[in-house]
Amino acid sequence: MTIYGWAGKILRVNFTTGSITTEDTMKYKDYIGGIGIGYKVIYDEVPLDTHPYDEASKIVLAMGPLTGTGVPCSGRLSMTFLSSWTKGFSVVDAHMGGHISHALKYAGYDGIIFEGKSETPVYLKIDDDKVSIEDASHLWGKGTFEANRILVEENGSDFDAATIGPAGENLVNMSCMITSVGNAGGAGVGAIFGSKKVKGFVVRGTGSLKVADPKGLKEVSDYMLRELVGGNNNHNVPAVPQSWAEYSAPSGKNRWSGAPGRGWHKAEGGFVDMGEQPVGDIDKIGYRAHKGHFDHGPIADKYMVKVGGCSSCPIRCYAQYDIDPLAEYDLPTKVSNTCMPIIYQSAWYPEGLTDFVDEGDANLVICGAGARAVDDYGLWDNYGNIQRDFNYLYRSGILKEKLPEEEWNSIPWHWMKEGDPRFVVDIVRRISLKEGEISKLGLGTYLLVEEWDLGKEYFDIEYLQNVTYNGYPKHHSSEDAWQSGLLYNIMYNRDCMVHHITNFVQSGSPYELYKKILEEEFGEGAVDKPKHYTPMNRAKARLAKWAFIGKQWHDMATLCNWMYPMTLSPSKERGYKGDLELDAKYMTAVTGENWTREDVDLVSERVTNMLRVITAISFHIHEGSTNLREDHDTITAWVFDKEPDFEPFEAGTVKMDREDMEVAKTMFYEEMGWDVKTGIPTRETLERLGLGYMADDLEARGLLPA
Amino acid sequence: MLFGPRKKGFAKEVELTDFSQEVNEDKLKEEEEKMDLMDYLDQLDEEESPLTSEELETEEAVEEEKSETELLADFIRLRSQAAHLTAKSSLEKEEPELEQLLEDLKNDEKCKDITSIRGEKDIYFYSKDFMSDNYAMIAALVEDNNLPRTIAEMVRWNCKTYPCATPLYYFKNSPYFYTDAQIERALMRIRQEEEYSDIQELTTGNNVRYLYSTLHMTEKYARALAEGVEYGEYGYRRSN
Amino acid sequence: MSEVKKENKIDKLLNQEMTRRKFMKISGKSLAGLTVSASLLSLFGCTQEQVDSGAVSLWTTPTGLLVVNQAKCTGCQRCEINCTVVNDGMVSSHTSRVKITRNLMSNNGHGTYQDDWVYYPDTCRQCDVPACGEACPKEAIYADDKGVKHVDEAKCVGCGACVEACPWHMPTIHPETRKSTKCILCGACAEGCVTGALSIVPWDAVTAAAQPTRKN
């Protein structure tokens, strides 16, 4: 039987025994792909008391049926494993873009299960159906840029590569894997690979993926590109007025930032003007995202060569720079990134920065140096927590107390004070190589607090942005998405990475316009006015559930959650309404099965509940907890205590109200079908989702709600 | 400010080396020798004779000649597509029979997309197929070139429509492209004139100046919105 | 149709054919050292500087002038996706007749892993005297009435001589059908290029844009 969408096989490689086998993907079909397969394999095969760096620990790398089929914005993969750094040491996933997910699927695989432990450094070579474990001793210790380059040169220019850096090799908890220069999968996956002595993998895929209805797929793709897709984060109006557009985002802080007169000054053959990008013009969509300008303002244009991004995606969210002022410091000048590395490095300089060549370029140059360093060392920043921990501990004097005097004196503080880009590189090296006490920053916030005895109140410091007491920060939370945002922020074992709500709130569209569209879907009161939220209601609970389970869908399918769902559209003719049936339409065209939005929701809910059940079991094992509401979903104090000049619900604040948030949790658990007292899924819910075996497990452990 | 004068005391001074203005014989020679692509193609030997007219016999329909009104509509469309309004005064210079032509245009079924907006100084035509009404409003304000009015109108409109406060740097972008000096001069008049008394200014924590209209929002709310934009998800980044 | 209009139409087509013949003389050759008029630049979607730097290549094809601008290629691979979904009903990088992936990671010291972002889609040139066709032992590669070269699958034995003979290795032996497959100028790649790095400019547009630069 021909399989459509899925490649058909999952590769299983045991690095202890050297065994390489494949198995039928279809046995995981109920879980679709990506993290769905990830949660299932981890739950089935890895006892949840396993230490993440033990031989029994596994990494499940997987794609879904839409990746590699040409569905726009599908160039992603997920890696699922046990966390080494958060309270409860439960399941987490990392998500990686670039081009390698397509290559893997063309090679014939929907995923790879990495298990066991090698004695010596190795890498995995996948050349279609020829799979081998190769020596990587010449790569061990090398940065990801060099390692990826060498791997492609050694194996052939039609291979792609992904590797960990020294941080992963040295078992630094805060570590990632890098492909395509700067596309990272984080959450500590680097050290799990490092513990297995696996530097990375290379792939060449010369096969093809079968699509059930290619004509239909092309039609749905073209329809999305002509009518639905917006800019970066699917913002549906341009940042700067464009002649065809009714609206623009006056602040300009919107991610459809390509505009007339803006562009890439370092492009080959001179300036490329990004111009206007009208709805319907497919050949201009690639100029909508100008992340450089969004991040750093007009100065970015001076150093930009191009934009880049993942396979299949028309929204090129990577800014690719040649920042030549860095050459003065003998640092690499080529930088390609879109996320925290290119935004958030100035936090390593608590005493401020000085401009280099032009007014306002300090942040860009420092971020360039820092981005290159963290990506090369494979250091993950936990959505900025590592920088914030450093910054706060330095400013409060705690860092000086904790570091031995000799080590303190060995740190080039003068570089920090002078705003020298070499400072960030030096600190990143120390953490990645586990050099000295300062490298404890690489433990992650949760274990650092324990290690340095910083006390639970450390999490309550507003600057540090921790959303729970579990070790990770907020990621577009109540400041964009009121109670709904805060709810899904506390559901995971890492920062939430949910963009459903922030994408329309920050879209630049008029409030009344998107409110109407969303309220048609979720009911009156679902959407609050910017910076003026109202008490919790049922519609917001439904909205939160949509976003929460929808994010899992994207990491199962595997689609980019920065782009999907297509909630809004830039098209006036459509009344700016997107198409929430789109994912189901793609599933139908690709797989040949009849998918509806309800079908998508059902599998999303199934996999979401697996996350919750696994979390409950981990918290029971490691914390002795029988109640996630109290022990996992606890919100830090600053969220309620900030902005002393405001009362909750007043115009101009997103300061939350404690009682109201408890109401919110209760409503949300009810929507999810979870016990309101413990926040753990009920048997009824699990049975409905085909997870009766998980209910049995919870019951056996005494965790199943009565 | 990308190409503005550098402040004193910056970490690095760069010497600008620009030979383009200098008389350079080699360069002149090079310019002389550079040939136009089409001339160059003509000069190359013909490889084969082109197809004969018989080979090109075709039954495809030939486009009908266009009427004067349609040509005018096409002209307006082309300009709209390039983000330009078409001022009535500019048409008057070239069209002696403009009023009649415009009357015909209004009644022509094929030209229903052509519409106009009245500015302070002129009437501006555009095609709704290529230009939105809101952009035409902005473009007309820009054409009228009354900066205090443009700034005040847009601050009010943004406050009412989105709602949001408007940063001064908004007016440095397309299609305004105002300079800092122009903006400051306009602000001076806005502060002085009664008709603009609802326009107020605030400064965010990273020193970015915003305008809002008291007709549509309070200072406290405007500040919260502006701070929300500047602080964003990750903290202050730029300070232009 | 009136005689006059018919005459006009034929004149127009003759002019287009003359334009095509002219461009054929420089197909694939560097334009460096030539100036290109503003109207043609705007049609090609490039600047004179890009022409001078060699970032832009022009290829003469039966249906139009194929313009490849590597300064604008951002490596999204949608050209390959669209090529295969339209022509094969499945998706593949390897089989695609437009080829970006092989240049994306590493190409002669350039590419993603070589610390620059110089990459571009390779395209079939539809050569007047095609090396692929000349090399085919079964004469399976033929030109249609517009001059587009096709593979006759009934004749093709999948020997790969065409792949080897093509200086740019553009034909590909499809791993599943074991037949050669090559570009038939369907245009799906260019239509779906999200940055306009790849475009096919029809001959009537090139002809019209070339007019104002004529001296007479």
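## Reading helices, salt bridges and an interface

Author: Let's start where a helix stops: H21(A) is followed by A:Gly624, whose phi is positive, near 65°. Please keep in mind that this is a predicted model.

Reader: Happy to begin there. How many residues does helix H21 of chain A have, and what distance does the helix reach from its first C-alpha to its last?

Author: A handy check is to set the end-to-end reach beside the value expected at 1.5 Å a residue. Helix H21 of chain A covers residues 597-623, which makes 27 residues, and spans 38 Å from first C-alpha to last.

Reader: Now to charged pairs. Why are A:Arg149 and A:Glu153 separated by about one helical turn?

Author: The general idea first: an α-helix has 3.6 residues a turn, so residues three or four places apart point the same way. Here, A:Arg149 and A:Glu153 lie about one turn from each other because they are four residues apart in helix H3 (residues 144-155) of chain A. Their side chains meet in a salt bridge, 3.1 Å from N to O. A:Arg149 counts as partly exposed at 24% relative accessibility, and A:Glu153 counts as partly exposed at 45%.

Reader: What about A:Lys291 and A:Asp295: are they buried or exposed?

Author: Both A:Lys291 and A:Asp295 are buried. They form a salt bridge whose closest N and O atoms are 3.1 Å apart. This pair is again four residues apart, now in helix H7 (residues 291-296) of chain A, and therefore about one helical turn separates the two.

Reader: Which parts of the chain does the salt bridge between A:Arg538 and A:Glu670 link?

Author: That salt bridge has an N to O distance of 2.7 Å. The pair links distant parts of the chain, with A:Arg538 in helix H19 (residues 538-557) of chain A and A:Glu670 in helix H24 (residues 658-672) of chain A, 132 residues apart. A:Arg538 is partly exposed at 33% relative accessible area, and A:Glu670 is partly exposed at 42%. Salt bridges can also share partners: A:Arg12, A:Glu23, A:Lys27, A:Glu45, A:Lys58 and A:Glu115 are joined into one network in this way. Over all chains, the structure holds 75 salt bridges.

Reader: Let's turn to chains C and A. What area do they bury between them?

Author: The size of an interface is often given as the accessible area lost when the parts come together. Chain C and chain A bury about 3,900 Å² between them, 57% of it on carbon and sulfur atoms. In this interface, 45 residues of chain C are in contact with 58 residues of chain A.

Reader: How many salt bridges and polar contacts does the rule find there?

Author: Two salt bridges cross the interface. The side chains of A:Lys210 and C:Glu176 meet in a salt bridge at 3.0 Å, N to O. There are also 26 residue pairs in polar contact.

Reader: Which elements of chain C give two or more residues to the side that touches chain A?

Author: They are helix H3 (48-53), helix H4 (78-87), strand S4 (90-91) and helix H5 (101-104) of chain C. H4(C) gives the largest share, five residues. By class, this side of chain C has 18 nonpolar, 19 polar and eight charged residues.

Notes:
Residues numbered from 1 in each chain as written. Chains lettered and ligands numbered in written order. Predicted model: local features only at pLDDT ≥ 70, side-chain atom pairs only at ≥ 80, totals over all residues. Heavy atoms only, no water. Expected span 1.5 Å × (residues − 1). Contact = heavy atoms within 4.5 Å. Buried area = accessible area lost by both parts, 1.4 Å probe. Salt bridge = Lys/Arg side-chain N within 4 Å of Asp/Glu carboxyl O. Polar contact = N/O pair within 3.5 Å; in protein donor to acceptor, adjacent residues only side chain to side chain. Nonpolar A, V, L, I, M, F, W, Y, C, P; charged D, E, K, R; others polar. Buried < 20%, exposed > 50% of the residue type's maximum accessible area, 1.4 Å probe, protein only.
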